[in-house]
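Please have the sequence and the 3D view open as you go.

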Amino acid sequence: PSIFLQETELVPSEKVTKATGKVVFTRPDHPPKRQVYQDLPKVFSYSSVQTFLQCPMEYKYAHYLKLPLPGSPYLSFCITIHSTLQKYLEEYERNIQTLQIDLFGTKAKPELPSFDRLLEIYKSEWVDEWYPDKNSKEGYRAKGQEQLKAFYEHSKNNLPRPQFIEQRFNLKIGEFNFTGKIDRADINSGGLSIMDYKTGSAKKKKTDEDVDQLRIY
């Protein structure tokens, strides 16, 4: 019998000198003790809560046992887009801060860095891992350029007024901490407009999940 069967106490532990062709299963005298979990997490995020609601076992593997997970093309692409927009908007903010005031005290109109500059940042921030093949990688690369073009055209007509860019937060709730990162928050007449970037296909209708995330933020 396999040594692994002996370790599970399903077969006698006596040393077997030669193969007999027979496997004998025995029931343990005492049932195995149930595993008791200690040090349950004290820190949660929106994504971890959503993972638990969708599949508690996946939550256990990813957020309690913290098993290493393989990357994916979507994750690499998502990191690339977020990092590109962060660097681009931070450069835009620096441009605003360096604007000179003319003799009448009127600030010059801020201008976005060019689309070519946005593509330069995109190229430098590109994450080149976890794509299964060259065709997949180039497909994502082209998709990113299309999304950035749409972002740039929209931003030209609606100049960003970012107050927060990739802003992390930590909310104390009793003995627990709820953490997260807001992609962007712009100043508007009523306060702040909170934005969460989505790199997947646009949904025809917002789901409760989308609304809940922004409400929490």
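K66 lies in the loop between α3 and α4, where helices (H or I, at least four residues) and strands (E, at least two) are DSSP runs numbered from the N terminus. This is a predicted model, in which local features need pLDDT of at least 70, side-chain atom pairs count only at pLDDT 80 or more, and totals for chains, interfaces and linings use all residues. Residues are numbered from 1 along each chain as its sequence is written, and side-chain values use heavy atoms, with hydrogens and water left out.

**Backbone points to look at**
- K66 is not a glycine, yet its phi is positive, about 55°.
- With 60% relative accessibility, K66 counts as exposed; the cut-offs are under 20% relative accessible area for buried, over 50% for exposed, and partly exposed in between (1.4 Å probe, protein chains only).
- E166, in strand β2, also has a positive phi, near 50°.
- E166 counts as buried, at 11% relative accessibility.
- For context, most residues other than glycine have a negative phi.

**Overall make-up**
- The chain has seven helices and four strands, in the order α-β-α-α-α-α-α-β-β-β-α from the N terminus.
- Of its 217 residues, 24% count as buried.
- Among contacts (heavy atoms within 4.5 Å) with a separation of 6 or more, 56% are between residues 24 or more positions apart.

**Largest pocket**
- The largest pocket holds about 1800 Å³ of space; a pocket is an open set of points on a 1 Å grid over the protein atoms alone, where a 1.4 Å probe fits, with protein on both sides within 12 Å along at least five of seven lines.
- Its volume is the space filled by probe spheres set on the points, which are joined across faces, edges and corners.
- The lining (residues with an atom within 4 Å of a point) has 44 residues, and S47, Y74, C78, K198 and Q213 are the closest to the centre.
- α4 gives the most to this lining, seven residues.
- By class, the lining has 14 nonpolar, 18 polar and twelve charged residues; Ala, Val, Leu, Ile, Met, Phe, Trp, Tyr, Cys and Pro count as nonpolar, Asp, Glu, Lys and Arg as charged, and the others, Gly among them, as polar.

**Second largest pocket**
- About 400 Å³ of space lies here, lined by 20 residues, with F151, H154, R184, M195 and Y197 nearest the centre.
- α6 supplies the largest share of this lining, six residues.
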